Amino acid sequence: MRAWPRKCLAAVAALALVTACGNAPDPDPTPDREPQPTAAPPPPGLAPVTVAVGENMRQQPFNTERQALVPAGWTMSVYARVVQPRLLAWAPDGVLLVSVPSAGEVLRVGTDGQTSSLLTELTEPHGLAFDGSDLYVAESNQVSVYSYGAGQATNPRVIAPGLPDDSLADLRGIYEHALKSVALGQDGSVYFSIGSTGNISAEDRDAVPPRATIMRIPPGGGAAEPFSTGVRNGTGLAVAPDGGVWTAVNNRDNVPDPDGEVRTGYVNENPPESLALLTPGRELGWPFCNPDRGTADVGFLRDMQTNPDGSRMDCATLPPLERTLPAHSAPLGLSFAELPPPYGTGALIGVHGSWNRNPPRAPEVSFFGWRDGSLGDQQTLVGGFQYPDGTRWGRPVSAVSGPDGAVYISDDYADAVYRLAPPG
């Protein structure tokens with residue numbers, strides 16, 4: 001088991017201007033500031049609410065009152081305190097599971113907010129997914145499936161061994177995107193992410209297995225094969241109601257402008273983060289092509305650092321992206337959910353916010369409505385984690401709907417799991 005640091009490796013890069021890794025803590029904010037929304041609020045609008053906190057959960061940052069922006073009439077409370085929680089999944093017995101890569105654990109969270117260990121001594125467990133009573137766990141070095149029952153996970157079987165992480169000798173302990181996610185296709189396929197080792201590390205594409213990919217294990221088992229390539233860091237990975245596989249991607253940092261210059265103003269807004277429907281063999285361009293500006297049906301531009309003459313990849317031939325998020329948003333967990341009106345079915349994304357963009361890109365929980373097999377505009381479902389001066393009290397990682405109709409949100413900056421509840 002290895003500990004997973006709160007601050008990402010890009011934080012030590014002396015020349016970094018902007019990075020979207022989203023794991024570094026910010027200075028503690030002062031509490032006397034009003035939260036502000038970070039995207040166009042959905043109807044009927046967002047309203048500030050005080051986050052409800054039980055007496056036994058009032059450690060920092062909840063030793064002082066915090067406000068969030070939520071849909072009018074909804075409430076938000078701290079459901080549990082967990083140190084650096086990441087991805088969430090509901091077990092068949094109605095218990096919330098949370099991965100904690102930094103501790104090498106998967107935890108069960110009771111309705112009273114108390115936690116207990118389900119799995120321990122793992123190697124940076126991150127992605128969680130269920131297929132009936134089978135629990136799939138993506139560690140940084142492998143994907144395994146467990147039999148889940150009576151509150152226990154037993155009978156582990158490794159289905160994707162030997163995955164690349166920072167234990168590889170040739171990487172010398174440096175792997176910026178070692179955490180992996182997993183999702184289950186409606187046909188029984190298993191999909192998992194392998195992130196890039198660095199910002200523009202083109203050699204990842206030729207590694208065995210290839211990095212910066214979404215991999216697929218066919219129904220019934222077998223060797224994993226690349227499903228989609230050029231996916232820099234597809235932490236968000238989920239299956240839509242129609243069976244389509246979607247990924248939310250953290251794109252590159254410090255991108256040069258069309259003249260080949262790295263300018264802060266350009267870097268702040270480029271490239272957008274990708275939200276893409278994956279198909280067999282789809283190419284998302286990294287590190288040779290980057291998404292252009294726009295929010296839907298977005299084409300690609302040549303990367304003027306890695307592909308200035310277009311000889312490495314013809315970016316004009318890549319299918320346009322279905323959706324994007326603003327540059328350096330750092331989308332992490334992705335799930336599909338059915339929410340009360342006026343939302344309905346859609347995608348939930350934990351937006352971690354930028355690391356050192358100036359001004360910072362704010363964290364939030366985003367909602368994208370599902371319409372006719374595609375995703376609509378980005379809406380802020382929960383905001384207010386960042387103050388106007390850029391300091392923050394929280395940074396969401398993932399959001400999933402619960403059996404009670406509420407939305408449960410992990411936050412690895414505030415060390416909390418929240419319950420966002422609609423009226424009634």
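Student: Before the pocket itself, what counts as a pocket here?
Tutor: On a 1 Å grid over the protein atoms alone, a pocket is an open set of points where a 1.4 Å probe fits, with protein on both sides within 12 Å along at least five of seven lines. Lining residues have an atom within 4 Å of a point.

Student: And what sort of model is this?
Tutor: It is a predicted model, in which local features need pLDDT of at least 70 and side-chain atom pairs count only at pLDDT 80 or more, while totals for chains, interfaces and linings use all residues. Residues are numbered from 1 along each chain as its sequence is written, and side-chain values use heavy atoms, with hydrogens and water left out.

Student: OK, which residues lie nearest the centre of the largest pocket?
Tutor: Leu88, Leu128, Leu334, Ser335 and Val400, out of 24 lining residues. The elements giving two or more residues to that lining are strands E4 (88-90), E8 (127-131), E12 (182-184), E16 (236-239), E24 (331-339) and E28 (396-401). Strands here are DSSP runs of at least two residues and helices are runs of at least four, numbered from the N terminus.

Student: What volume does the largest pocket have?
Tutor: About 610 Å³. A volume is the space filled by probe spheres set on the grid points, which are joined across faces, edges and corners.

Student: How many of the lining residues are charged?
Tutor: None; the lining divides into 17 nonpolar and seven polar residues. Ala, Val, Leu, Ile, Met, Phe, Trp, Tyr, Cys and Pro count as nonpolar, Asp, Glu, Lys and Arg as charged, and the others, Gly among them, as polar.

Student: Back to E28. Is Ser398 buried or exposed?
Tutor: Ser398, in strand E28, counts as buried because its relative accessibility is 3%. The cut-offs are under 20% relative accessible area for buried and over 50% for exposed, with partly exposed in between (1.4 Å probe, protein chains only).

Student: What does Ser398 touch?
Tutor: Not counting residues up to four places away in sequence, Ser398 touches Arg86, Leu87, Leu88, Gly333, Gly350, Tyr408, Ile409 and Ser410. Contact means heavy atoms within 4.5 Å. The C-alpha atoms of Ser398 and Leu334 are separated by 6.5 Å, although the two are 64 residues apart along the chain.

Student: Zooming out, how many helices and strands does the chain have?
Tutor: One helix and 30 strands. Buried residues make up 60% of its 424 residues.

Student: Which residues touch the most other members of the largest nonpolar core?
Tutor: Met76, Val382 and Tyr418, in a core of 28 residues. Such a core is a set of buried Ala, Val, Leu, Ile, Met, Phe, Trp, Tyr and Cys residues joined through side-chain atoms within 4.5 Å. Strand E30 (416-421) is among the elements that give two or more residues to this core, and E30 gives the most, with three.
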